[in-house]
Amino acid sequence: RHGATVIVVAAPMHPVTREIDDGTQHYVAALRHDLPPGTRFVDAMTELKDDRYFDDPIHLNKVGRQAFTPRLAAV
């Protein structure tokens, strides 16, 4: 209403987590479908494909944050 752009980001996930959780793609598809018109969606779940970017299955470490921040800022 005030001219803001809403951006929803599906955050990066560790490759092992993506392999174990086979519902991830269904989740992303449902999320995209349910977003209001005009909402931008960024699917970053698969952007960082290396273990070295993660502290654990779902949290980026310093190297991961440094790699992801410019990608997010570009959006």
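Start with the secondary structure: the chain has 3 helices and 2 strands. Helices here are DSSP runs of H or I with at least four residues, strands are E runs of at least two, and both are numbered from the N terminus. Colour by secondary structure and follow the sequence: the pattern reads β-α-α-β-α.

This is a predicted model, where local features need pLDDT of at least 70, side-chain atom pairs count only at pLDDT 80 or more, and totals for chains, interfaces and linings use all residues. Residues are numbered from 1 along each chain as its sequence is written, and side-chain values use heavy atoms, with hydrogens and water left out.

Now show the C-alpha trace. Along its principal axes it spans about 40 × 25 × 15 Å.

Switch to the whole chain. Of its 75 residues, 29% count as buried (under 20% relative accessible area, 1.4 Å probe, protein chains only).

Next, look at contacts (heavy atoms within 4.5 Å). Take those between residues at least 6 apart in sequence: 63% of them join residues at least 24 apart.

Select Thr-39. Where does Thr-39 sit? Its place is the loop between helix 2 (24–34) and strand 2 (40–43).

The Thr-39 side chain reaches the backbone oxygen of Pro-36 at 3.0 Å.

Thr-39 is in contact with both, leaving aside its neighbours within four places in sequence.

Key. Buried means under 20% relative accessible area, exposed over 50%, partly exposed in between (1.4 Å probe, protein chains only). A polar contact is a pair of N or O atoms within 3.5 Å; within protein, one must be able to donate a hydrogen and the other to accept it, and residues adjacent in sequence count only if both atoms are side-chain atoms.
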